[in-house]
Amino acid sequence: MLTSIGKITKELAIEAHQLREWEKRNLLGDVLKDPDNNKQRVYNDHQIKRIHLIHETIQKQ
């Protein structure tokens, strides 16, 4: 299942630029861009688990 960047940012109360930064640092692997939705970034289940783990780690610091 693919989840949009907007849904994840709302769920975790983070900014989209933060996810893009993690993407630049190669923490999320290859991120797909949905051609049917204005090339908006979408994340697979594995990436979402990683995003949650990264977010939790940052919150604990």
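Analyst: The turns below go through some labels one by one and set each value against its cut-off.

User: How do you know what confidence the model has?

Analyst: This is a predicted model, and the protein averages a pLDDT of 94, with 100% of the residues scoring at least 70. Among the elements, the lowest mean pLDDT, 92, belongs to strand 2 (residues 32-34), whereas the highest, 96, belongs to helix 3 (residues 45-60).

User: Why is Thr-3 called buried?

Analyst: The word buried is kept for a relative accessible area under 20%. Thr-3, which is found in strand 1, has a relative accessible area of 9%, so Thr-3 counts as buried. If we leave aside its neighbours within four places in sequence, Thr-3 is in contact with Ile-8, Arg-41, Val-42, Tyr-43 and Ile-48.

User: And what makes His-46 exposed?

Analyst: Here the cut-off is over 50%. His-46 lies in helix 3, and because its relative accessible area is 55%, His-46 is called exposed. In space, the C-alpha atoms of His-46 and Leu-28 are 8.7 Å apart, while in sequence the two residues are 18 residues apart.

User: Why are the buried residues of helix 2 said to be on the same side?

Analyst: In helix 2 (residues 16-24), the buried residues are Leu-19, Trp-22 and Glu-23. Around the axis they cover an arc of only 105°, and therefore they sit on the same side of helix 2. What covers these buried residues includes helix 1 (5-12), strand 3 (40-43) and helix 3.

User: What makes the phi of Asn-26 worth a remark?

Analyst: Most residues other than glycine have a negative phi. Asn-26 is not a glycine, and yet its phi is positive, about 60°. Asn-26 follows helix 2 and is found in the loop between helix 2 and strand 2. With a relative accessible area of 56%, which is to be set against the cut-off of over 50%, Asn-26 is exposed.

User: Which value of phi does Asn-38 have, and where is Asn-38 placed?

Analyst: Asn-38 is a residue other than glycine with a positive phi, near 55°, and its place is in the loop between strand 2 and strand 3. Its relative accessibility is 73%, so Asn-38 also counts as exposed by the cut-off of over 50%. These two strands form a hairpin with 5 residues between them, and Asn-38 is in the turn.

User: How do you know that strand 2 and strand 3 pair?

Analyst: To be called a pair, two strands need at least two bridges between them. Strand 2 and strand 3 are joined by 3 bridges and run antiparallel, so they pair. Within this pairing, Leu-32 stands opposite Val-42 in strand 3.

User: Why are strand 1 and strand 2 called edge strands?

Analyst: The 3 strands form an open sheet in the order 1-3-2, with antiparallel pairing. Strand 1 (3-4) and strand 2 each pair on one side only, and that is the property the name edge strand refers to.

Terms used:
Residues numbered from 1 in each chain as written. Predicted model: local features only at pLDDT ≥ 70, side-chain atom pairs only at ≥ 80, totals over all residues. Heavy atoms only, no water. pLDDT = per-residue confidence, 0-100. Helix = DSSP H or I, 4+ residues; strand = E, 2+ residues; numbered from the N terminus. Buried < 20%, exposed > 50% of the residue type's maximum accessible area, 1.4 Å probe, protein only. Arc of directions from axis to C-beta. Contact = heavy atoms within 4.5 Å.
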